[in-house]
Amino acid sequence: MREKSHDHKRCILIFKRLSEYMDGELDEITYEEMRIHIKECVKCKVCLETLKRTVDLCRNMKMQRVPQKLSKRLKLMGYDPSNP
Ligand SMILES: [Zn+2]
């Protein structure tokens, strides 16, 4: 898996919309763009998988929001939406 012309700003956009992506709330074009980016971006891939797992857990526990622990973890992974 190589990261060609990696655009970190794009990762942040993707990160912000990951939950919409997972819930299928995006239009086809945006979805496809994200899908392609995630396929080629290890960081976003890991991020999506982590989020997926957490969301599954949350759904099981009937929680609606992503816990703070996760956003902290995502920040540690280099995703800080407030500081692009
Ligand atoms: Zn990315």
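1. Helices (H or I, at least four residues) and strands (E, at least two) are DSSP runs, numbered from the N terminus. On that basis Cys 47 has its place in helix H3, and the chain comes to 4 helices and 0 strands, which follow the pattern α-α-α-α along the sequence.

2. The model is predicted, so that local features need pLDDT of at least 70 and side-chain atom pairs count only at pLDDT 80 or more, whereas totals for chains, interfaces and linings use all residues. Residues are numbered from 1 along each chain as its sequence is written. The mean pLDDT (the predictor's confidence in each residue, from 0 to 100) of the chain is 81, and 79% of its residues reach 70 or more.

3. A residue is taken as buried if 20 or more other C-beta atoms lie within 10 Å of its own, as exposed if 12 or fewer do, and as partly exposed in between, with C-beta atoms placed from the backbone. Of the 84 residues of the chain, 14% count as buried. Two residues are in contact if their C-beta atoms, placed from the backbone, lie within 7 Å; of the contacts in the chain with a separation of 6 or more, 71% are between residues 24 or more positions apart.

4. For the helix pairs, axes are lines fitted to C-alpha atoms, for helices over the stretch in contact, and angles run from 0 to 180 degrees between N-to-C directions. H1 and H2 pack at an angle of about 120 degrees, with their axes 11 Å apart. In this pair Arg 10, Ile 14, Arg 17 and Tyr 21 of H1 meet Tyr 31, Met 34, His 37 and Ile 38 of H2. By class, the contact of H1 with H2 has 5 nonpolar, 1 polar and 2 charged residues, where Ala, Val, Leu, Ile, Met, Phe, Trp, Tyr, Cys and Pro count as nonpolar, Asp, Glu, Lys and Arg as charged, and the others, Gly among them, as polar.

5. The axes of H1 and H3 come within 10 Å and cross at roughly 35 degrees. On the H1 side the contact is made by Cys 11, Ile 14, Phe 15, Leu 18 and Met 22, and on the H3 side by Lys 43, Cys 44, Cys 47, Leu 48, Leu 51, Lys 52 and Val 55. The contact of H1 with H3 has, by class, 10 nonpolar, no polar and 2 charged residues.

6. Two residues may be checked individually. Leu 18, in helix H1, counts as buried because it has 22 C-beta neighbours inside 10 Å, and, leaving aside its neighbours within four places in sequence, Leu 18 is in contact with Cys 47, Leu 48 and Leu 51. Leu 18 and Leu 48 are 30 residues apart in sequence and 6.8 Å apart in space, C-alpha to C-alpha. Cys 47 counts as buried because it has 21 C-beta neighbours inside 10 Å, and the C-alpha atoms of Cys 47 and Met 77, 30 residues apart along the chain, are separated by 8.2 Å.
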